[in-house]
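Hi there,

Here is the structure I promised to pass on to you. Please have it open while you read, and my notes will follow below.

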Amino acid sequence: LSNNDLAPDRDIVLFDQRGTKYSQPNLYCEEIDALIADTIEQDLTDEESQALSDQAVERCHARLSGGDNILLSDYNSFQNADDIETIRQALGYDQINLYGVSYGTLLAQHYMDRHPESLRSVILDAVVPRQTNFILNSAQTMNRSFSALFDACREDPACNKAYPDLEEVFFDTVKKLNETPARIPLTDQERSITYQNAVINGDTFMSGLFQMLYAGSLIPALPRMINDAQQGNFDFFSRIYSLLLFDRSMSIGMYYSVICAEDADFTPEDQDLAGIRPEIAKVEGDEPKNLLNICQFWKVDELGAHADDPVVSEIPTLLLSGNFDPITPPAYAEETAQTLPNAYLYVNPAGGHGQALDNPCANTLIREFLDDPARPPDMSCALDSSGPQFFTPKSTISFPQGLALANLEQPALIQFIILGLFLSFLLTAVLAIPLIWLIVWTRRRKQTRLARAAAAANAATGASLAEAPAYNMEAASLQPGPSSTLLSKLAGWLAFAAGPVLSLFLLGLTISLFKMAMDNNIMIFFGLPRTPLTLLMYTLPYLFALAAIGMIIASVHVWLKRHWTVWTRIYYTLLTISATACLLILLSWGVFTAIG
């Protein structure tokens, strides 16, 4: 956090809520992991998938409440809020500044209600109102976030040109995948297992995109991902969805304990699907009913009506929202702020779910707010905030191998090693060509002196020119003398230039990829930022290609004309082969079509 300059002069206390991650006991449902592993390559119907999921959750409940003898009713928001108070007291703080994101915002509101005297300020990021049941609204919020994505691309000239009719393309892809699912590789990195034939139907694809809308850093890539999927390319989707599918940070048991105690007080008929796209209604329409089915056997005590009352408080509160947030839209923050007179709202027009550490303006507002919660923060940075900068040919230089190289993945890594070996040999010309030239020049100087001395001696003795000794003016070199052509004279210098030019390109490429990896720049999945510097860098492969082609022509020429010595011709031919191999690898990487 201090590296982000968010709160460098403050204590930052992070804690696991009861039932999560490193707390004991952890209400993690390993049965869900087993279900994923067993069915990931099976093409199941919706009914089969839901039934198996319910059975896995029921087995988890039986294990937690039976064999592990856990009282699941003790894991709820009221208890979580009191745990925060216990932590505050144990650490000796008179008051705290409380930050919560997503469910953490709901927990923070309960803390505001139960322990207001312990709070100096509150920051709610991706706000869940106590008075609103997000389960019933999930179809609406999902529909809204997709609309925001499609509208943003349509209003961006570069995005609209690169990916026209994005909404139509997306739902057409969903329809086709539901009819004929794709088979793609998905990798469980934690367990080093790759499922080569994982089934991706249209509903799964749409749900995956819905989850990606949570991450603001992924949003610029989504139109490109949709366009690629339409063409049968799931490389980006496969990588990101693998991270989402095999994420083991969420405690499902804790989730159901909290939700069933707090938000299961509804009937499925309370859900409003008016105006929802039919594809979304199909995926989300049964979610409220499915949750109630689970809550029937989860059997936790309900918190009561007061848990759903809006929090009325004068505690200074900063509320942060993202325009593309698929589950807690900006309207939720506005609703929560209605009963908080000292509330300040900020919406990141390019944001997803959670703004802190992900947005410079949000970080500035947090710092100012923490310095003086009673003073409204300066919202001027919000005026400079803009929507997402979508990855299009106008903003991106294509280089899909970049991520594979950054992750040292085969076969890109093997190709890079081969490229390095050939380049290493090619670079020997940097020393060999000047050395050969120097030897040739020295020999010629010596021969010239000898010829002049002989001519002078002949003149002194009166010998005729025809009687003068013959001197060989051709050196066994890359510059053979009078019989050489311009091409054979230039050949060595083509080899001399090719290695350094390619080296400069690869060095620039390596530095760019390393910087992107360190910055967690998601563009690395597709290529490099299109900047004047990278465009200049991408002129180098063309210069290398000209040199390599010239070397090929020169190599054929010197063998046909029998210029140079045999050993020199062989060495130059090996240089030419090395340059050609490097050129072929660059071609396979699409370097010469990257700029477009």
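Below is what I found, going by topic. Please keep in mind that this is a predicted model.

**Helix 1**

Helix 1 covers residues 30-39. In general, an α-helix has 3.6 residues a turn, so residues three or four places apart point the same way.

**Met212**

Met212 is part of helix 8, which runs over residues 202-212. Is Met212 buried or exposed? With a relative accessible area of 0%, Met212 is buried, because buried means under 20%. Leaving aside residues up to four places away in sequence, Met212 touches Leu218, Leu222, Met225, Phe236, Phe237, Ile240, Tyr241 and Leu244. As for Pro532, 320 residues away along the chain, the C-alpha atoms of Met212 and Pro532 are separated by 30 Å.

**Two cis peptide bonds**

Pro25 sits in the segment before helix 1. The peptide bond from Gln410 to Pro411 is also cis, again with omega near 0°. Pro411 belongs to the loop between helix 17 (401-406) and helix 18 (412-426).

**Two positive phi values**

Leu357 is not a glycine, yet its phi is positive, at about 70°. You will find Leu357 in the loop that joins strand 6 (343-348) to helix 15 (360-371). Leu357 has a relative accessibility of 39% and therefore counts as partly exposed.

Trp564, another residue other than glycine, has a positive phi near 70°. Trp564 is located in the loop between helix 22 (540-561) and helix 23 (566-588). How does Trp564 count, buried or exposed? At 7% relative accessibility, Trp564 counts as buried.

Those are my notes for now. I look forward to hearing your thoughts.

Best wishes

Note on methods. Residues are numbered from 1 along each chain as its sequence is written. This is a predicted model: local features need pLDDT of at least 70, side-chain atom pairs count only at pLDDT 80 or more; totals for chains, interfaces and linings use all residues. Side-chain values use heavy atoms; hydrogens and water are left out. Buried means under 20% relative accessible area, exposed over 50%, partly exposed in between (1.4 Å probe, protein chains only). Helices (H or I, at least four residues) and strands (E, at least two) are DSSP runs, numbered from the N terminus. Contact means heavy atoms within 4.5 Å.
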